[in-house]
Amino acid sequence: TLPQHAAVRICDFGPRLYQQWLAEVASRPITRGSAGTTRTVTHCHKIAAEFRRMIAYGVGQEMFPVAVLTALDCVKGAPLTGARPAGKRQPVPEADLDAAVDHLPPVFRAIVQVIARAGARPSEVLRLRPCEIERGDGVWFLRPTFHKNERLGKSRVLVLGPRCQAA
């Protein structure tokens, strides 16, 4: 929490004070976990959404006037100058992956290797059925029946090379 805002009544929490609070949340360093680093923009947006949900609950319980929630919903694109952009995640180096999977039971070792080498999602590998694999010479094609974008009408094909086949 930010102590300077602790004494402010929710009814007095308007758009200007909300933007000020968001800017302070963004620029305050994280005190646990990744101590000393600032929050990411995504994390600040999640905090703001949780705050708005709390206000919406209070409005629904007739604890706050509807005008407070309406005013906060009018704030678009609040500046988050202190927040850092979320970094792009990089894959684990293959040498580290190989060293780690040596300590796994055979079934889990195969699952991790297929996920890493084919670019599959865990759910696709865990739901894998033999009828979904087209076996060809050297390369196999996996066409999962159930996948993340199935509801959007998209198809998905994963190429299983020799190292995936060996797993």
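Does Phe51 count as buried or exposed, and what is its relative accessibility?

Author: This is a predicted model, and what follows should be read with that in mind. Phe51 counts as buried, because its relative accessibility is 13%, and the cut-off for that word is a relative accessible area under 20%.

A search of the whole structure finds 5 aromatic pairs. One of the pairs joins Phe13 and Phe51, whose ring centres are 5.2 Å apart and whose planes make an angle of 50°, an arrangement that counts as tilted. Phe13 belongs to the loop between α1 (3-6) and α2 (15-27), whereas Phe51 belongs to helix α3 (residues 41-60), so this pair ties together parts of the chain that are 38 residues apart in sequence. Phe13 is itself counted as buried, because its relative accessibility is 5%.

Phe51 also pairs with Trp21, again in a tilted arrangement, with 4.8 Å from centre to centre and 35° between the planes. Here the link runs from helix α2, which holds Trp21, to helix α3, which holds Phe51, and it spans distant parts of the chain, 30 residues apart. Trp21 has a relative accessibility of 12% and therefore counts as buried.

For a view of another part of the chain, one can turn to helix α5 (residues 94-101) and helix α6 (residues 106-118), which pack at an angle of about 165° with their axes 10 Å apart. These two helices are therefore roughly antiparallel to each other, and their crossing is right-handed. On the α5 side the contacts come from Glu94, Leu97, Asp98 and Val101, and these meet Arg109, Val112, Gln113, Ala116 and Arg117 in α6. Once its neighbours within four places in sequence are left aside, Gln113 is in contact with Val101 and Ala167.

A further aromatic ring, that of Trp140, has the charged end of Arg135 sitting over it, 4.9 Å from the ring centre.

Key
Residues are numbered from 1 along each chain as its sequence is written. This is a predicted model: local features need pLDDT of at least 70, side-chain atom pairs count only at pLDDT 80 or more; totals for chains, interfaces and linings use all residues. Side-chain values use heavy atoms; hydrogens and water are left out. Rings of Phe, Tyr and Trp (its six-membered ring) pair if their centres lie within 6.5 Å; planes under 30 degrees apart count as stacked, over 60 as edge-to-face and the rest as tilted. Helices (H or I, at least four residues) and strands (E, at least two) are DSSP runs, numbered from the N terminus. Buried means under 20% relative accessible area, exposed over 50%, partly exposed in between (1.4 Å probe, protein chains only). A charge sits over a ring if NZ of Lys or CZ of Arg is within 6 Å of the ring centre and within 35 degrees of the ring normal. Axes are lines fitted to C-alpha atoms, for helices over the stretch in contact, and angles run from 0 to 180 degrees between N-to-C directions. Angles under 35 degrees count as roughly parallel, over 145 as roughly antiparallel, 65 to 115 as roughly perpendicular and the rest as oblique. A crossing is left-handed if the near helix is turned anticlockwise from the far one by less than a right angle, and right-handed if clockwise. Contact means heavy atoms within 4.5 Å.
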